[in-house]
Amino acid sequence: MQAKWRAQLDALPSNPESIPAFFFGHGSPMLAFPENTRAVFGGPTMFQWAGPRGPLAAFLKDFGPTLLKKYNPKAIVVFSAHWETYGERLVTDYGDENPLLMDYYGFQPELYELKFKSRGDSTLAARIVELYTKAGQKARTTPKLEPRGEDGRGYPGPGLDHGVFVPFRLMFGEQFGVPVVQVSIDGSLSPQKNWAVGEVVSQLRREGILVLAGGLTAHNLRDIASFAPQSAKPIHLEFNEAIHKAVGITDPEQRRQAMLGLVSHPGFRASQPREDHFVPLYVAAGAGADEGAVRVISDIYGAPTFAFGSPASLGLN
């Protein structure tokens, strides 16, 4: 598995003039568990697949350095399944250090001491607000002193959520020099509206900005077995296959229609009781749809990584 995704990462064209937008599996706080932790949540199968020694953790450690080497981004704009807002986009403007929002509960003390030091970018945040405003979507910046509000399942305070800082620690290390700005997804959880959220920032890719959208294609906490391919039911595996089939369609409009239709697949609700972890796929697709080409970077079950939009040399895998 690792040899395959490394080959896919190596094959990405180095083209900072038109950086692909990426959907990636952001995992869970289990990625940050100490490696000697016993599997107490989700059982050994889920822990082996999604924990600190699993394939997703290994992939993220390869993924981040590749992005920096290939694209040398001026900044990163990131969307997470864990930040929804209704009626307007919020854009972080956190200044010299981005705070972290520990938006989880019931874990060991080490999970509340995690570090990921990064900074914001006020100029970029204002530019993003301008883009949304011009596109007819309400948007504003949110400063470090403003709680994130209704998104965080009731968690107070501002900050990058665990769908950002947990994978970013693996991708980029605990101290990161590239500015990071987070933008909320559309709380309607509509595939079409979140596709439009991504379309607005597509031009940033041609300005040296890396656009990332994190979620999971299998996220059913009522059915822990669904998180790992060894224990997932056939309906989960069928939905996983349908996602790859839709993303792999060559014609851009046919691909769009097939992707939007995934929420009608019989396996969608079995894998996604709520759409929040799935719609970041549409944000990434919207951000890269103007150039059409797609590549599957990793096909890790439940946490694939897709590159949307690039010169034709990116091709389709």
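The model is predicted.

**Stop 1: helix H4**

Select residues 122–134. This is helix H4, with 13 residues. Its first and last C-alpha atoms are 18 Å apart, close to the 18 Å expected at 1.5 Å a residue.

Now colour the buried residues of H4: Leu124, Ala125, Ile128, Val129, Leu131 and Tyr132. Look down the axis of H4. The buried residues fall within an arc of 160 degrees, so they line one face of the helix. Which exposed residues are carried by the face of H4 turned away from its buried side? They are Thr123 and Lys134.

Next, show what covers the buried residues of H4. Several strands take part, including S2 (75–85), S3 (89–93), S4 (139–143), S5 (180–186) and S6 (209–215). Helix H6 (191–200) is also part of the cover.

Check both ends of H4. At the start, select Asp121 and Thr123. A side-chain oxygen of Asp121 comes to within 3.1 Å of the backbone nitrogen of Thr123. After the helix comes Gly136, with a positive phi near 85 degrees.

**Stop 2: aromatic rings**

Show the side chains of Phe, Tyr and Trp. How many aromatic pairs are there? The count comes to 20.

Select Phe116 and Phe168. Their rings form an edge-to-face pair, 5.9 Å centre to centre, with 70 degrees between the planes. Phe116 lies in the loop between S3 and H4, and Phe168 in helix H5 (residues 162–172), so the pair ties together parts that are 52 residues apart in sequence. Both Phe116 and Phe168 are buried.

Move to Phe306 and Phe308. Their ring centres are 6.2 Å apart and their planes stand at 75 degrees, so this pair is edge-to-face. Phe306 is buried, at 0% relative accessibility. Phe308 is buried too, at 2%.

Then select Trp5, Phe22, Phe24, Phe59, Phe63 and Tyr71 together. Ring pairs link them into a cluster.

One more ring: select Trp195 and Arg256. The charged end of Arg256 sits over the ring of Trp195, 5.2 Å from the ring centre.

**Stop 3: helix H7**

Select residues 234–247. Helix H7 has 14 residues, which should span 20 Å at 1.5 Å a residue. The end C-alpha atoms of H7 are 20 Å apart, in agreement with that.

Which residues of H7 are buried? They are His236, Phe239, Asn240, Ala242, Ile243, His244, Ala246 and Val247.

**Stop 4**

Select Ser184, in strand S5. Is Ser184 buried or exposed? Ser184 is buried, with a relative accessible area of 0%.

Show its contacts. Leaving out residues up to four places away in sequence, Ser184 touches Phe79, Trp83, Glu84, Thr85, Glu88, Arg89, Leu90 and Val197. Pick out Thr85 from that list. A polar contact of 2.6 Å joins the side chains of Ser184 and Thr85. The C-alpha atoms of Ser184 and Gln48 are separated by 31 Å, and the two residues are 136 residues apart along the chain.

Go on to His82, in strand S2. His82 is buried, with a relative accessible area of 10%. The side chains of His82 and His277 make a polar contact of 3.1 Å.

**Stop 5: two positive phi angles**

Select Asn72, in the loop between helix H3 (55–71) and S2. Asn72 is not a glycine, yet its phi is positive, about 40 degrees. Asn72 is exposed, with a relative accessible area of 62%.

Finish at Leu189, in the loop between S5 and H6. Leu189 also is not a glycine and has a positive phi, about 60 degrees. Here the residue is buried: Leu189 has a relative accessible area of 6%.

Technical notes. Residues numbered from 1 in each chain as written. Predicted model: local features only at pLDDT ≥ 70, side-chain atom pairs only at ≥ 80, totals over all residues. Heavy atoms only, no water. Helix = DSSP H or I, 4+ residues; strand = E, 2+ residues; numbered from the N terminus. Expected span 1.5 Å × (residues − 1). Buried < 20%, exposed > 50% of the residue type's maximum accessible area, 1.4 Å probe, protein only. Arc of directions from axis to C-beta. Contact = heavy atoms within 4.5 Å. Polar contact = N/O pair within 3.5 Å; in protein donor to acceptor, adjacent residues only side chain to side chain. Phe/Tyr/Trp six-rings, centres within 6.5 Å; stacked < 30°, edge-to-face > 60°. Lys NZ or Arg CZ within 6 Å of the ring centre and 35° of its normal.
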